[in-house]
Amino acid sequence: MRVRAPGKINVHLGVGGVGEDGYHELATVFQALDLTETLTLIPGGTGAIIVQGRYADDTVPRGETNLARRAVDLLISTFEGERDVDALRGLDIVIDKQVPVSGGMGGGSADAAAALTGAAHLIGGVETEVLSDLAVDIGADVPFLLRGGTAIGHGRGEKLSPVLTRGSFHWVMATSAGQLSTPEVYGRFDELTPDPGPAEVPPEVLKALAAGDVDALAAAAGNDLTEAAVSFRPELAEVLEAGREAGAVLPLLSGSGPTIGFLARDAHHALDLAVLLQATRGVKEALRTTGPAAGAHVVSSG
């Protein structure tokens, strides 16, 4: 069985204070991108995790900490005794990684969403609401990548409401050779913003998405973690400025970074941006992509 799930960008990320659960309150707008992860699930194996594709590197876990493996194990433990879960035991998972690793684009979460979707199919299907509840236990981005499209996320990002969008949005994702620690970025945010106030999504962001108005979106959207991320990686400021000078409508840190998304006016503009950004110091790759894209779904079975 082959299952596919998208990467994502946070079109807006508002960060509030730390809640009773120890996590920052977020108000974010997710958009799924057509940079996707494809998983092949093979029953009757040894439980192996095989990672291949453009971003198959040693930092991707091959054992029980891999998010796709955790997703399958969670389905086994949840439905054992209720369903025949034997098809999930010893399930080999082949991951074709096409979303950059540790770049704030949700590649690992996409793997989990794909694995949940495929494994649920193998045991006869699971209600969408139940699958979404299980997804929260794996990671805050996983429920969104199950559904795709564009959505507001509250809490840690797992409380979702759909967002109306018009047309396609063209992005160039500029990846970095290094990584950033998400907990460290949030810790620096706390130092820089001791009283952040409530996390919010400006109404203008939603209006711009509904109208497909990239200029209005650029005027309203932002990422509250940008200053914190740049404090660890000052070269990101140069990349952001290079994108502005190259004509990007909106330069936007993706999640907690270090990948930066640049909104283009159309496909031709995205191509021009990608060429200019690829030659920018501090940019490893400039990847063209569009959103919104479909959530996790079975591509083929049998």
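**Figure 1. Salt bridge between aspartate 111 and lysine 97 in the predicted model.** The side chains of aspartate 111 and lysine 97 form a salt bridge with an N to O distance of 3.1 Å. Aspartate 111 belongs to helix α2 (residues 107–122), while lysine 97 sits in the loop between β4 (92–96) and α2, so the contact ties together parts 14 residues apart in sequence. Both aspartate 111 and lysine 97 are buried. Through salt bridges with shared partners, Glu37, Lys97 and Asp111 are joined into one network.

**Figure 2. Salt bridge between glutamate 285 and arginine 54.** The closest N and O atoms of glutamate 285 and arginine 54 are 2.6 Å apart. Glutamate 285 is in strand β10 (residues 285–291) and arginine 54 is in the loop between β3 (49–52) and α1 (67–79), so this pair ties together parts that are 231 residues apart in sequence. Glutamate 285 has a relative accessibility of 14% and counts as buried, because the cut-off for buried is under 20%. Arginine 54, at 52%, counts as exposed, because exposed means over 50%.

**Figure 3. Salt bridge between glutamate 238 and arginine 281.** The side chains of glutamate 238 and arginine 281 meet at 2.6 Å, N to O. Glutamate 238 lies in helix α9 (residues 235–245) and arginine 281 in the loop between α10 (267–278) and β10; the pair links distant parts of the chain, 43 residues apart. Glutamate 238 is partly exposed, with a relative accessible area of 38%, whereas arginine 281 counts as exposed at 59% relative accessibility. The pairs shown in these views are among the 11 salt bridges counted in the model.

Methods. Residues numbered from 1 in each chain as written. Predicted model: local features only at pLDDT ≥ 70, side-chain atom pairs only at ≥ 80, totals over all residues. Heavy atoms only, no water. Salt bridge = Lys/Arg side-chain N within 4 Å of Asp/Glu carboxyl O. Helix = DSSP H or I, 4+ residues; strand = E, 2+ residues; numbered from the N terminus. Buried < 20%, exposed > 50% of the residue type's maximum accessible area, 1.4 Å probe, protein only.
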